[in-house]
Amino acid sequence: MHFSIVFPTLALLSSAEAAETLLGAYIFHRHGDRTPKSLPPANLTSLGYDQVYTSGQYYRSRFLSNQTSKIYKLNSDVVKLSQISVTAPVDNVLQNSAMGFLQGLYPPVGEDVGVQTLSNGSKVQTPMNGYQLIPVNAVAQGSGSEDSGWLQDASGCENAKLSSNNYFTSSEYTQLLNSTKGFYDDLVPVVNATFAASTVSFKNAYIVYDLINVAEIHNASIPSNATLTPDVLLQTRTLADAHEWGLAYNASDDMRSMTGMQLAGEVLKYMNSTITSGSSGLSSNKLGIQFGAYASFLSFFGLASLPAANPDFMGVPDYSSSMVFELFTEATVPSGGFPATSDMQVRFSFHNGTASNSSEPIAYPLFGGKDLAISWNSFADSLSKFAVTTTQDWCTKCGNTTGTCAAYAPSSATPSAAAKSSGGHGGISAAVGGVIGAFVTLAVILATLAAAMLIGGLRVVSKNRLAGGSPAMEGVATGKA
């Protein structure tokens with residue numbers, strides 16, 4: 001994603017009017033530079049660590065220390081954990097990126113603040129010059145995404161996987177697969193130490209690009225480097241963008257964008273909690289921060305009609321990219337709470353790559369509109385049209401019926417499912433036959449036992465009595481499946 005097109009109506013975050021009061025914000029952030037997916041496990045590099053740390057410093061200068069754009073009542077120096085929420089999937093690269101970002105957002109507080117005096121008069125200095133411990137909460141969806149060549153494998157959503165698979169039967173995919181065969185054949189000498197020649201094609205466009213991109217950043221010498229001209233590198237990136245966009249979003253099939261729906265739900269829930277807290281006179285839930293993979297960016301971009309604002313939104317965001325949703329008001333903020341929701345607005349901004357004070361995020365209109373800021377009510381209504389906010393909704397849309405979703409699974413099979421299980425014939429299905437067989441076997445066992453008791457004088461003895469009267473519990477399930 002290059003974002004070479006800049007519309008004159010777009011505005012930098014720093015140009016927000018001084019009359020605004022920023023009530024809260026939500027940041028969705030990509031990880032920093034990492035090792036290639038094709039050589040798992042992927043790891044955050046020193047460059048990647050520096051990228052997310054720099055981004056954290058930028059958002060600190062934007063939301064914590066800049067008096068004209070500081071988030072209302074958000075602690076500037078010493079973190080108050082009730083004010084922020086940080087999440088990332090169970091993934092080495094994403095978890096470490098989140099922690100690196102937080103070090104820039106809330107740096108060590110120094111010796112003066114980090115000293116505690118005990119009752120005996122001795123003083124204890126906080127380790128690492130007052131390093132602030134901020135938990136990164138783990139989420140299940142997206143686990144192991146940076147070790148997965150196809151990010152839908154990490155989504156856990158069965159119907160999203162099926163929808164993405166449909167891309168491989170589309171005319172767009174077939175046309176690109178056939179027309180780029182010669183192009184990928186020429187790349188085989190560059191990547192044949194990692195990929196078999198038969199796998200170097202548009203089918204694996206992103207993985208091939210990813211390996212070459214990492215090599216271009218970190219390797220001083222690359223096999224057949226003369227092949228990798230600027231035009232060839234651009235083509236590998238452009239084809240990877242097309243490939244991943246096709247897997248992440250389809251205008252006629254929203255299920256392909258489940259990760260974007262989940263992100264929309266998280267943003268909506270967190271901002272609602274910001275409003276609820278502020279309206280009660282509290283200062284909790286001021287800044288939400290979530291780290292995730294590029295598929296979530298692409299899915300959300302499609303759902304929110306952002307390509308209408310700039311076609312570059314159809315490309316994979318660079319490492320350490322971030323998008324931010326700002327909740328603000330131009331009305332006077334009451335001393336004991338928040339203004340009415342009718343006086344609140346939301347602004348969406350995005351930065352491709354690491355944000356800094358010399359390269360700030362840019363505001364773009366959401367949902368195909370033209371305004372850079374929209375009312376809270378309009379934002380919430382538009383987001384609600386595709387946001388997934390509950391586990392039950394996610395399970396139902398995804399068609400998942402095991403694990404956490406077992407509680408929401410249909411209580412009985414549908415007629416079509418029953419017909420399928422019987423092989424389409426009028427006889428007894430295998431499942432029903434198994435139940436009948438089990439009852440027949442049980443009847444035989446009970447009859448045999450009754451005969452033995454009658455003939456041999458056997459009797460039933462309580463299990464508690466056999467155990468000396470101690471209570472026994474069997475088959476008691478705790479918790480949810």
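Are Cys157 and Cys398 buried or exposed? Select the two residues together: Cys157 is buried, and Cys398 is buried as well, where buried means under 20% relative accessible area, exposed means over 50%, and partly exposed lies in between, with a 1.4 Å probe and protein chains only.

Before going further, keep in mind that this is a predicted model, in which local features need pLDDT of at least 70 and side-chain atom pairs count only at pLDDT 80 or more, while totals for chains, interfaces and linings use all residues. Residues are numbered from 1 along each chain as its sequence is written, and side-chain values use heavy atoms, with hydrogens and water left out.

**The disulfides**

A search of the whole structure finds two disulfides, a disulfide being a pair of cysteine sulfur atoms within 2.5 Å. Cys157 lies in the loop between strand S6 (137-139) and helix H4 (158-167), whereas Cys398 belongs to helix H12 (residues 391-398), so that the link spans distant parts of the chain, 241 residues apart; helices (H or I, at least four residues) and strands (E, at least two) are DSSP runs, numbered from the N terminus. The torsion about the S-S bond of Cys157 and Cys398 is about -105°, and the disulfide is therefore left-handed.

Next, select Cys395 and Cys405, which are joined by a disulfide with an S to S distance of 2.0 Å. Cys395 sits in helix H12, and Cys405 in the loop between H12 and helix H13 (415-421), ten residues apart. This link is left-handed, with -80° about the S-S bond, and both Cys395 and Cys405 are buried. With bonded cysteines counted along the chain, the disulfides follow the pattern 1-3, 2-4.

Now move to strand S9 (residues 344-351), where seven of the eight residues are buried, so the strand is largely enclosed by the rest of the structure.

Then show strand S11 (residues 373-375), which pairs with S9 in the antiparallel sense over three bridges, and find Val346, whose bridge partner in S11 is Ile374. Finally, select strand S10 (residues 362-363), which runs antiparallel to S9 and is joined to S9 by two bridges; here Phe350 stands opposite Ile362 of S10.

Conventions. Two strands pair if DSSP finds at least two bridges between them.
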